[in-house]
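Visitor: I would like to go through this model with you. Could we begin with the overall picture and then turn to single residues?

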Amino acid sequence: MSDENTPKDDEALADEWASALSEQTDEAADDWAAAMAEQENEDAQPVSLDQLQDEGSPVDLERPNLDVILDIPVTISMEVGNTEISIRNLLQLNQGSVVELDRMAGEPLDVLVNGTLIAHGEVVVVNERFGIRLTDVISPTERIKKLR
């Protein structure tokens, strides 16, 4: 008996797959339609940006209200330097290995907020903990230029 499929078997298999896929697609569409109908039935009403503003307070594009974002947490990190190495060399690293960085000794560290450079600084020790003294802060306009 041969393991090869006949053209009829291939067609039958293709038909089974097609019907299974169409059933799956129909079920997904039904689930989506049910979720949308449920959302429409809820009391949620669409809100425009104008409605989000306090009554009587116009939107000032020159001086936006920053109070709404002041409590959002961000990640601040200091970068001593970086380098690129191959995965082969990465896998060979062990205790005592030395990785050469792209920065000279004594150069200021980069201070990053959510991965964006905002300042340069030097390492200090405060109450037996490491800290950083900012030596150069990048202006907000320069930071905005880098985002674009």
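**Surface and surroundings**

Guide: The accessible surface of the protein is about 13,900 Å², and carbon and sulfur atoms account for 54% of it (Shrake-Rupley method, 1.4 Å probe). This is a predicted model, in which local features need pLDDT of at least 70 and side-chain atom pairs count only at pLDDT 80 or more, while totals for chains, interfaces and linings use all residues. Residues are numbered from 1 along each chain as its sequence is written, and side-chain values use heavy atoms, without hydrogens and water.

Visitor: What pattern does the protein follow along the sequence?

Guide: The pattern is α-α-β-α-β-β-β-α, with four helices and four strands (DSSP runs numbered from the N terminus: H or I of at least four residues, E of at least two).

Visitor: Is Asp110 buried or exposed?

Guide: Asp110 counts as buried because its relative accessibility is 12% (buried is under 20%, exposed over 50%, partly exposed in between; 1.4 Å probe, protein chains only). Asp110 belongs to strand 2, residues 109–113.

Visitor: Which side chain makes a polar contact with the side chain of Asp110?

Guide: That of Arg103, at 2.8 Å. A polar contact is a pair of N or O atoms within 3.5 Å; within protein, one must be able to donate a hydrogen and the other to accept it, and residues adjacent in sequence count only if both atoms are side-chain atoms.

Visitor: And where does Arg103 lie?

Guide: Arg103 is in the loop between helix 3 (87–91) and strand 2. The Arg103 side chain also reaches the backbone oxygen of Val80 at 3.4 Å.
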